[in-house]
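Subject: Structure for your files, with notes

Dear colleague,

Please find the structure below, followed by some notes that I would be glad to have you read beside it.

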There are 2 protein chains.
Amino acid sequence: MSIAIDVVGGKWKMHLMWVLAEGPVRFGQIRRKLDGVSEKVLAENLRQMEAHGVVHRELYAEVPPRVEYSLTPLGEQLNQALQPLEVWGDANREALAPRLVESRPC
Amino acid sequence: MSIAIDVVGGKWKMHLMWVLAEGPVRFGQIRRKLDGVSEKVLAENLRQMEAHGVVHRELYAEVPPRVEYSLTPLGEQLNQALQPLEVWGDANREALAPRLVESRPC
C-alpha cells in the first residue's frame, strides 16, 4: 500500500485526481475547484504527480501560453483503482455525512 | 468522491487504514509503525476515524488500562475499497519507485 499512498496521499492529491479525471484542465480551473489550496501548494502537488507519471502537463505555444494538465494512461489506471473508494463513499453517504459534520475541528 | 476523501484524505489516514487492517492494535504499536507522526496528530486522526464510524476504540479495564483500536464493519468495507489502490501500486511498483525517490522535496 505504501507506494500508492506516496502517490495519492496528502491533503490534495485525491481531490486533484477527481478534478483531472474530468479531462484536461488549466491551472486556474483546478485552483477554483480545490477550495483553499494555495498557488504554491497546487503547483508542487501537480509537479509531484507529473514526476510520478500520473499527470501530463501540456504547454501550448499560444499568446499567452496555455498549459493544460491531464491524466496519463498510468493516471487513468489510478483513477480506475480509486473508483471503489468513491462507490464506498456514495453507498455510505447517509451514514457518513452527519459524522463528517460532527468531526470537523472546532 | 468528496465523502471518501473526507474519511481517508490527509497525510496519515490511509497509512492508518493499512495498519488497522492487520487487526486490533494499541496506540503505541500504531505510532511505531507510522514513522514521524506526533502523539497529538495520531490521537486526533484516530478520534476522527472513530467519529466517521470506521474505527472502534476498545478500553480494557485492566491495570494499567489497555486501549485497542480496530476497524468497524464499515472500516472493513473501506479497507476492501482501498484494495484496488494497493493492487495498482504493487503492479506499477517498478515504474513508480524511482520516480518517488526523484520527487521527494529537497
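Throughout these notes, contact, or touching, means heavy atoms within 4.5 Å. This is a predicted model, in which local features need pLDDT of at least 70 and side-chain atom pairs count only at pLDDT 80 or more, while totals for chains, interfaces and linings use all residues. Residues are numbered from 1 along each chain as its sequence is written, chains are lettered from A and ligands numbered from 1 in the order in which they are written, and side-chain values use heavy atoms, with hydrogens and water left out.

Of the 106 residues in chain A, 46% are buried, where buried means under 20% relative accessible area, exposed over 50% and partly exposed in between, with a 1.4 Å probe and protein chains only.

As for the pair, chain A can be laid on chain B by a turn of 180° and a shift of 0.0 Å along the axis, with an RMSD of 0.0 Å (least squares on the C-alpha atoms of residues with pLDDT of at least 70 in both copies). That is the relation of a two-fold axis, and the same surface serves both copies, since 100% of the contact residues of chain A recur in chain B. The residue of chain A that comes closest to the rotation axis is Gly10(A), whose C-alpha lies at 2.4 Å.

At the interface, 37 residues of chain A are in contact with 37 residues of chain B. The area buried between the two chains (accessible area, 1.4 Å probe, lost on putting them together and summed over both) is about 3900 Å², and carbon and sulfur atoms give 73% of that area. Helices H1, H2, H4, H5 and H6 of chain A each give two or more residues to the side that touches chain B, the largest share, 10 residues, coming from H5(A).

Finally, the largest nonpolar core has 60 residues, of which Leu20(A), Ile30(A), Leu20(B) and Ile30(B) touch the most other members; such a core is a set of buried Ala, Val, Leu, Ile, Met, Phe, Trp, Tyr and Cys residues joined through side-chain atoms within 4.5 Å. Leaving aside residues up to four places away in sequence, Leu20(B) touches Val25(B), Ile30(B), Leu46(B), Met49(B), Val55(B), Tyr69(B), Ser70(B) and Leu71(B).

With best regards

Note on methods
Helices (H or I, at least four residues) and strands (E, at least two) are DSSP runs, numbered from the N terminus.
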